[in-house]
Amino acid sequence: MGRSGSGKSSMRSIIFSNYSAFDTRRLGATIDVEHSHLRFLGNMTLNLWDCGGQDVFMENYFTKQKDHIFQMVQVLIHVFDVESQEVIKDIEIFMRSLKQLKKYSPDAKIFVLLHKMDLVQTDKRDELFQIMMNKLQQTSSEYGFNDLVGFPTSIWDESLYKAWSQIVCSLIPNMKDHQTNLIKFKSILNAYEIILFEKSTFLVICSSNGNMGSQSKSLLNNELNLDPKRFEKISNIMKTFKQSCTKLKSGFTTLILNDSIYVTEISSNMVCFIVLNDTDQPKEIIMENIQKAKKEFF
Amino acid sequence: MSTEEDSASKAMILLMGLRRCGKSSICKVVFHNMQPLDTLYLESTSSPSMEHFSTLIDLAVMELPGQLNYFEPSYDSERLFKSVGALVYVIDSQDEYMNAITNLAVIIEYAYRVNPSINIEVLIHKVDGLSEDYKVDVQRDIMQRTGEELLELGLDGVQVSFYLTSIFDHSIYEAFSRIVQKLIPEITYLENMLDNLIQHSKIEKAFLFDINSKIYVSTDSNPVDIQTYEVCAEFVDVTLDLFDLYKTPNENNDQAVTRKANRERPRELKNIAELENGVTIYFRQMIRGLALVALIRTNGSDKDSCLTIMDYNVDIFEKGLEEIWANSANKQQALSLE
């Protein structure tokens, strides 16, 4: 949800329908609510309700359709346009949806995305994000939603993937199992790092080096001397590659780079990305191990 | 003085055109990996600028400001035209192009008089905004008018090649590849070598890329399918990006060093991707910033043995490249000694 023109449908198209950021210009205004059902990780179905943001529709949501719209909500993703002229009005609408949520589905998780961050100068982004988040935190705690999570996003870089993978991860029930399996798998392969991706959207599910979004993640990154944004970058790279594969009318199964990076399907809906410590292990052993892992873990 | 001599020995491409026809944008997109949308913010170019890139051949691209008057006596255009191998003239297809054609004819006349062996290439640029039918019309119109202009000047023997290009798709890379290929004297050997390679290793199509610009220096003699080219070019990007993400860690670096010491010839970047329909994309780094990208269709036979044969054949191919380069380097040295 969010005001009209804030980029809701663009986001959805990029993450779930393989649009490139450039293609989203062709999207028109969303009329009323656009529903999409997406199968995610096989047994999970996401019902994505993309609510058109023009005032006429908005008014409708809060009055006539309120019990329909706000019932059984698990996640609210509210999108704010950083360039918006009417910040007060944006927040007011956010408050109204919180009010309805409190009444109809008080257990919902709330995420806010400060979108179109690419339009703000680089050195001002952090400051702006902090100010906005403080304000939103205040408003949301008034309605009893204390743990508000916010992300600065833009469709032109990888921040969008980061935000969405954390949102989607919060919905996965057996996260703990995945994590423990992955760490076991890592020690067997003597790998440097293993990352698990969802196959169709290439959102990060979990990685072997620490939980997604936990405090220790940043510490670990420093220790390992790795790019902290690598998950999102890989998502982005692999997705572009997947798109170029469609030109050959095919999906991709395996990729082996320099005998040290292996990317392969590990189940019908997950892809694993393995970085090995040493490159001298023969390919056959690794592939065998991956085959075993397919059966055992996932 | 020495720099001038250097540039004289290189195959040089001269990029010309009226102002605002998109010369700098082409340079930035092709040679600096700039996003096409960002080129909107480029300033007007004020002085000639040079791009060097050395692959199997040494290339230099020189861009001239559009508003320059080439026939001012202070400007040493005679020496300039003598030293270039190809003249690329950019015409904005979305604008009124009559002026551009007159300008082009004048330039051709001058260049041809100074240097009769010059290749003249015309890019009919910014065609992304035109419909399919209109594109063909514009191309025919421009070709016809240029022909008439040249006839009037008594230059009807000059060969002029035309390309339809846009920076928003791969057509600009395709055009530049063709232009660069005309300047490589070793091109026939390269093509023969690639033909040999693909016959013996179940390859459908093979390209020899310059990895910085994604221009292909050579390909086998099968017709080029633009989609295959796009996939291969994007595969170069994927490989480099993924490699960059993980190459920095310190321990990996140390290992790389020791590995290089252990083996007599270090394995360079290599990337293999398999697709669902049995196609394999194969990437191997060759000498001097070149990379071989090939599409392999195994058609049911054993994939692993196929790849082993491929590896072996590519090793031989690489040795061939090294020899060619050593030869051409020798030749150049001999030339400069004279």
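This is a predicted model: local features need pLDDT of at least 70, side-chain atom pairs count only at pLDDT 80 or more; totals for chains, interfaces and linings use all residues.

1. Residues are numbered from 1 along each chain as its sequence is written, chains are lettered from A and ligands numbered from 1 in the order in which they are written, and side-chain values use heavy atoms, with hydrogens and water left out.

2. Rings of Phe, Tyr and Trp (its six-membered ring) pair if their centres lie within 6.5 Å; planes under 30 degrees apart count as stacked, over 60 as edge-to-face and the rest as tilted.

3. One of these pairs is edge-to-face, because the planes of Phe197(A) and Phe273(A) stand at 80°, with ring centres 6.3 Å apart. The pair links distant parts of the chain, 76 residues apart: Phe197(A) belongs to strand β6 (residues 191–198) of chain A and Phe273(A) to strand β10 (residues 270–276) of chain A. Strands (E, at least two residues) and helices (H or I, at least four) are DSSP runs, numbered from the N terminus.

4. Phe197(A) has 0% relative accessibility and therefore counts as buried; Phe273(A), at 0%, is buried too. Buried means under 20% relative accessible area, exposed over 50%, partly exposed in between (1.4 Å probe, protein chains only).

5. In chain B, Phe209(B) and Tyr229(B) form a stacked pair, 5.7 Å centre to centre with 25° between the planes. Phe209(B) lies in strand β7 (residues 203–210) and Tyr229(B) in helix α8 (residues 226–247). Both Phe209(B) and Tyr229(B) are buried.

6. Ring pairs join Phe209(B) and Tyr229(B) with Phe207(B) and Tyr216(B) in a cluster. Lys205(B) sits over the face of Phe207(B), 5.6 Å from the ring centre; the criterion is NZ of Lys or CZ of Arg within 6 Å of the ring centre and within 35 degrees of the ring normal.
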